[in-house]
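Work through the exercises below with the sequence and the 3D view open. Try each task before reading its solution.

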Amino acid sequence: MFECCLTTIAVVVSLVVVGLMLRRWLQGGRCYSKARLDGKTVIITGCNTGIGKESAKDLAQRGARVIMACRDLKKAEEAQLWVIKESGNKDVVVKKLDLASMKSIREFAEQILREEKNVEILLNNAGIMMCPQWQTEDGFEMQFGVNHLGHFLLTLLLLDLLKASAPSRIINVSSLGHQFGRMDFDDMMMTKNYEAMAAYGRSKLANILFTRELARRLDGTGVTSYAVHPGGVDTDLARHLGTYTIFFKPLHPIVRLFSKTSEQGAQTSIYCCVDEKTAGETGLYYSDCAVKVPSKAAQNDDDARKLWDLSLKLVGLDE
């Protein structure tokens with residue numbers, strides 16, 4: 001009986017230890033750079049919650065002027081107060097940006113070009129995941145329109161300022177979900193057969209291809225580009241998953257147990273924003289604060305060029 005109890009205790013302890021080790025492994029890498037950003041300006045999209053909000057806090061703590069570019073101004077202003085309080089940096093401002101509207105993106109960019117003398121970091125963080133078959137204001141499939149086209153237009157409109165502020169960095173938040181995506185240049189908006197996960201995967205694949213093509217085109221300018229997979233993070237990004245599976249909500253407590261916090265999920269974005277080593281790298285894909293190899297489709301430079309040309313046409317910059 002005594003030996004049986006000891007065995008049971010040993011099994012329980014072993015399971016707890018393994019669980020803790022697994023949880024620590026899933027938390028991923030951290031950015032240990034102490035780099036300061038005094039005198040530098042950072043723009044972060046979609047940062048009123050989640051990893052964007054944590055990124056804003058970290059970069060503000062490093063002395064940067066942080067521009068929080070958000071669609072929901074009320075939530076953004078609440079996040080702004082939190083970032084100021086946590087960072088001790090009052091140079092944190094909120095500006096309206098709706099990535100589902102080409103008009104809003106152009107108005108935001110015009111304001112930045114008019115008011116800001118320099119922008120050294122553009123963190124394209126905002127995103128939408130596995131939503132129903134919605135369309136943007138301009139008729140684009142919502143996930144491709146927001147996750148890729150919105151950031152594509154924003155980046156290109158700010159590119160001259162980023163070049164003038166060099167060395168500068170552009171960080172595109174992608175996802176491991178890019179592995180579920182493929183480029184179909186005959187039906188990029190999935191009008192024939194919409195599937196939420198495939199649409200999400202395509203938009204995240206586009207983020208990586210865009211990053212690669214940016215690096216090629218910006219070679220020698222002092223502007224570098226990075227694609228980031230934050231990891232499995234427990235944020236509001238997953239709010240639409242319940243629409244597609246009755247199993248998600250019951251499993252959420254378990255998923256949450258092994259998910260990164262927003263602070264942990266922000267580490268790779270922050271790493272690509274500030275780490276000294278990454279200053280000499282460009283066009284690569286990162287996860288857990290290290291270079292990783294993306295899917296074969298994400299390494300297709302012909303598709304990267306085709307996507308660039310198509311995106312120019314869709315956002316009206318090909319004239």
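Angles under 35 degrees count as roughly parallel, over 145 as roughly antiparallel, 65 to 115 as roughly perpendicular, and the rest as oblique. This is a predicted model, in which local features need pLDDT of at least 70 and side-chain atom pairs count only at pLDDT 80 or more, while totals for chains, interfaces and linings use all residues. Residues are numbered from 1 along each chain as its sequence is written, and side-chain values use heavy atoms, with hydrogens and water left out.

**Exercise 1.** Describe how α5 and α10 are arranged and which residues meet.

Step 1. Helices (H or I, at least four residues) and strands (E, at least two) are DSSP runs, numbered from the N terminus. Axes are lines fitted to C-alpha atoms, for helices over the stretch in contact, and angles run from 0 to 180 degrees between N-to-C directions.

Step 2. The axes of α5 and α10 cross at roughly 85° and come within 10 Å. The two helices α5 and α10 are therefore roughly perpendicular to each other.

Step 3. Contact means heavy atoms within 4.5 Å. On the α5 side, the residues include Phe144, His148 and Phe152; on the α10 side, they include Leu307, Trp308 and Ser311.

Step 4. Sort the residues of this contact: 10 are nonpolar, 2 polar and none charged. Here Ala, Val, Leu, Ile, Met, Phe, Trp, Tyr, Cys and Pro count as nonpolar, Asp, Glu, Lys and Arg as charged, and the others, Gly among them, as polar.

**Exercise 2.** Find the residues that touch the most other members of the largest nonpolar core.

Step 1. A nonpolar core is a set of buried Ala, Val, Leu, Ile, Met, Phe, Trp, Tyr and Cys residues joined through side-chain atoms within 4.5 Å. Buried means under 20% relative accessible area (1.4 Å probe, protein chains only).

Step 2. The largest core has 56 residues, and Ile43, Phe108, Ile112 and Leu158 touch the most other members. Helix α5 gives the largest share, 12 residues.

Step 3. Leaving out residues up to four places away in sequence, Ile43 touches Phe108, Ile112 and Leu158, among others.

**Exercise 3.** Give the strand order of the open sheet and name its edges.

Step 1. Two strands pair if DSSP finds at least two bridges between them.

Step 2. The 8 strands follow the order β3-β2-β1-β4-β5-β6-β7-β8, with mixed pairing. The edges are β3 (92-96) and β8 (290-292), each pairing on one side only.

Step 3. Isoleucine 121 has arginine 169 in β5 as its bridge partner.

How values were computed:
Buried means under 20% relative accessible area, exposed over 50%, partly exposed in between (1.4 Å probe, protein chains only).
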